[in-house]
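Visitor: Can you walk me through this one? I would like the plain version, topic by topic.

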Amino acid sequence: MDVTLHLAQDPEADALLGRSPLAALVGMLLDQQVPMEWAFKGPATIAQRLGSDDLDAHEIAAHEPEAFAALLSQKPAVHRYPGSMAKRIQQLCQYLVEHYDGDAEAVWKDAGTGKDLLKRLAELPGFGKQKAQIFLALLGKQLGVRPTGWREAAGSYGDPDSFRSVADITGPESLVKVRAHKQEMKAAAKAAKASGT
């Protein structure tokens with residue numbers, strides 16, 4: 001895995017996301033309740049604070065929980081909720097150590113079908129169906145991981161030429177389009193809730 005991603009909108013952080021399967025998974029995990037760029041810059045910040053140029057699932061899984069939470073809480077904090085996200089990242093890394101010998105890429109490397117890959121992603125701690133589908137779309141659209149039926153398994157996030165999620169961000173222009181789509185979805189959901197439908 002060595003591609004150029006543009007999710008953090010920061011060259012160093014994006015380079016790490018493009019070469020490190022674990023960084024990409026951690027960025028996706030962090031992508032909630034904060035701006036996308038902040039979430040996807042998190043893995044690079046964590047690696048830097050650990051004194052490394054990459055993330056290691058074994059190291060993070062074994063890290064003392066309070067010390068790891070403190071590491072994420074340093075200013076600027078890695079997330080709006082650094083303590084709870086530190087716990088989630090450690091749970092993800094512990095799962096990867098137990099099930100994939102700490103190799104994040106093994107989650108998708110030999111997946112036979114999109115449905116199989118979606119199941120594997122949805123089993124990761126902190127990944128529900130929607131997050132799993134978005135990450136599956138990111139793998140297929142930008143990282144060249146395309147098992148049979150991957151678009152269907154990713155649902156609407158797998159649609160070509162769409163601007164629904166991080167899977168569709170390839171630079172500043174597409175980021176603006178994805179943001180606009182998300183705002184439309186929030187407005188529609190708010191209107192539906194207000195009308196009682």
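Visitor: What does the UniProt annotation cover?

Guide: The unreviewed UniProt entry carries the annotation "domain: HhH-GPD" for residues 26-128. UniProt positions are given here in the numbering used for this model, feature names are shortened, and annotations may be inferred rather than shown by experiment.

Visitor: Before we go on, what are the ground rules?

Guide: This is a predicted model, where local features need pLDDT of at least 70, side-chain atom pairs count only at pLDDT 80 or more, and totals for chains, interfaces and linings use all residues. Residues are numbered from 1 along each chain as its sequence is written, and side-chain values use heavy atoms, with hydrogens and water left out.

Visitor: How much helix and strand is there over residues 26-128?

Guide: That stretch is 64% helix and 0% strand, and its end C-alpha atoms are 14 Å apart. Helices (H or I, at least four residues) and strands (E, at least two) are DSSP runs, numbered from the N terminus.

Visitor: Next, aromatics. How many aromatic pairs are there?

Guide: The count is two. Rings of Phe, Tyr and Trp (its six-membered ring) pair if their centres lie within 6.5 Å; planes under 30 degrees apart count as stacked, over 60 as edge-to-face and the rest as tilted.

Visitor: Why is the pair of Trp108 and Phe135 called tilted?

Guide: The ring centres of Trp108 and Phe135 are 5.6 Å apart and the planes are at 50 degrees, so the pair is tilted. Trp108 lies in helix 7 (residues 106-109) and Phe135 in helix 9 (residues 129-142), so the pair ties together parts that are 27 residues apart in sequence.

Visitor: Are those two buried or exposed?

Guide: Trp108 is buried, with a relative accessible area of 4%, and Phe135 is buried at 0%. Buried means under 20% relative accessible area, exposed over 50%, and partly exposed in between (1.4 Å probe, protein chains only).

Visitor: And what about Phe127 and Phe135?

Guide: Phe127 and Phe135 form an edge-to-face pair, 6.2 Å centre to centre with 90 degrees between the planes. Phe127 is buried, as is Phe135. Ring pairs link Trp108, Phe127 and Phe135 into a cluster.

Visitor: Which residues have the most contacts inside the largest nonpolar core?

Guide: Leu25, Ile46, Ile89, Leu96, Leu121, Leu124 and Phe135, in a core of 67 residues. A nonpolar core is a set of buried Ala, Val, Leu, Ile, Met, Phe, Trp, Tyr and Cys residues joined through side-chain atoms within 4.5 Å.

Visitor: Take Leu96. What is it in contact with?

Guide: Leaving aside neighbours within four places in sequence, the contacts of Leu96 include Leu22, Leu25, Ala57, Val107 and Leu124. Contact means heavy atoms within 4.5 Å.

Visitor: Changing topic: how much space lies in the largest pocket, and which residues lie nearest its centre?

Guide: The largest pocket holds about 580 Å³. It is lined by 18 residues, of which Asp31, Met36, Arg164, Lys182 and Lys186 lie nearest its centre. Helix 9 and helix 11 (172-195) are the elements that give two or more residues to the lining, and helix 11 has the largest share, six residues.

Visitor: How is a pocket defined?

Guide: On a 1 Å grid over the protein atoms alone, a pocket is an open set of points where a 1.4 Å probe fits, with protein on both sides within 12 Å along at least five of seven lines; lining residues have an atom within 4 Å of a point. Grid points are joined across faces, edges and corners, and the volume is the space filled by probe spheres set on the points.

Visitor: What is the phi of Asp101?

Guide: Asp101 has a positive phi of about 55 degrees although it is not a glycine. Most residues other than glycine have a negative phi. Asp101 lies in the loop between helix 6 and helix 7 and is exposed, with a relative accessible area of 60%.

Visitor: Last one: what does His58 touch?

Guide: His58 touches Val97, Asp101 and Gly102, not counting residues up to four places away in sequence. His58 lies in helix 4 (residues 57-62) and is partly exposed at 39% relative accessible area.
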